Amino acid sequence: MKEKVSAMLSVFSAPGEYRGSRKNIMKKKILVITGSPRRHGNSWAMTDAFIETAEANGHSITRFDVGLSKIGGCVACEKCFSKENQACVYNDDFNKIAPFIQEADAVVFSTPLYWYSFPGQIKNFIDKIYSFVVGQKDIAGKACGLMACCEDHDISALDGIRFPYEKTIGLLKWESVGEVLIPGVFHKGEINATDGLQRASALADAL
Ligand SMILES: Cc1cc2nc3c(=O)[nH]c(=O)nc-3n(C[C@H](O)[C@H](O)[C@H](O)COP(=O)(O)O)c2cc1C
């Protein structure tokens, strides 16, 4: 896959292009992808805090709650973008989101940890980003961010999200503006007893 990605990445932005100070913010289209199927849980609360600040800063936000959507797994058929310009020939909610990935200046992921990894729906979403590689669509140069939480009090439990996030965006030539990793939250609302919401807001300020 690395060769395909290198071939696709003809253009990408210089590091730092997407970082703005509050005084001189470049207005961006931000795509927010959430992974929890639990409405108004801990990661949704971080998402809301992020969006509130990002909108106050003048950015435009598109949010997809993929934890509530229907996205099948990539079947590696490599027929991406071969049918009516659809990203995936197996038409599901990924195809609704795909145009927003292409247009976005920044992509932000917000998710809980499930079994030391991404929940299935958001993993399926990430797998289908492969369609841009096969379809030779240039999506390099985006800013990105990560918000994640889990029950375990040991922050290393979140390595199963942090590591694939960092490796994936490296391959895609996206630049992370920050990671908000919050351990020790299980029930809805427990995020309020942490610094997760403030850090989610600070992540929005970093874009
Ligand atoms: C199916 C499932 C698997 C989970 N697996 C883990 C896990 O491996 N490690 C962990 O620390 N927490 C795990 N959790 C707990 C969630 O990460 C935690 O409750 C988180 O705060 C949920 O975020 P949310 O409210 O945004 O859904 C799991 C929860 C569920 C429902």
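Strand 1 (29-34) and strand 3 (106-112) pair in the parallel sense over five bridges. Helices (H or I, at least four residues) and strands (E, at least two) are DSSP runs, numbered from the N terminus. Two strands pair if DSSP finds at least two bridges between them. This is a predicted model: local features need pLDDT of at least 70, side-chain atom pairs count only at pLDDT 80 or more, and totals for chains, interfaces and linings use all residues. Residues are numbered from 1 along each chain as its sequence is written.

Strand 3 also pairs with strand 4 (residues 143-149), again in the parallel sense. The table lists both pairings.

| Strand 1 and strand 3 | parallel | five bridges | Ile30 and Ala106 |

How many residues of strand 3 are buried? Seven of the seven are, so strand 3 is largely enclosed by the rest of the structure. Buried means 20 or more other C-beta atoms within 10 Å of the residue's own; exposed means 12 or fewer; partly exposed lies in between; C-beta atoms are placed from the backbone. In a regular strand the side chains alternate between the two faces of the sheet. Here Ala106, Val108, Ser110 and Pro112 point one way, and Val107, Phe109 and Thr111 the other.

Helix 3 (residues 93-103) has the buried residues Phe94, Ile97, Ala98 and Ile101. They cover an arc of only 125° around the axis, which puts them on the same side of helix 3. That arc is taken from the directions from the helix axis to the C-beta atoms. The buried residues pack against strand 1, strand 2 (60-65), strand 3 and helix 4 (120-128). The face turned away carries the exposed residues Pro99 and Glu103.

Gly35 sits in the loop between strand 1 and helix 2 (42-56). Gly35 counts as buried because it has 27 C-beta neighbours inside 10 Å. Its C-alpha atom is separated by 5.6 Å from that of Val66, 31 residues apart along the chain. Beyond its neighbours within four places in sequence, Gly35 is in contact (C-beta atoms, placed from the backbone, within 7 Å) with residues including Ser43, Val66, Ser110, Thr111 and Pro112.

The ligand has 19 residues around it, each with its C-beta atom, placed from the backbone, within 6 Å. Gly41, Ser43, Pro112, Cys150 and Asp152 come nearest. Helix 2 gives the largest share of this shell, three residues.

Note on methods. Two residues are in contact if their C-beta atoms, placed from the backbone, lie within 7 Å.
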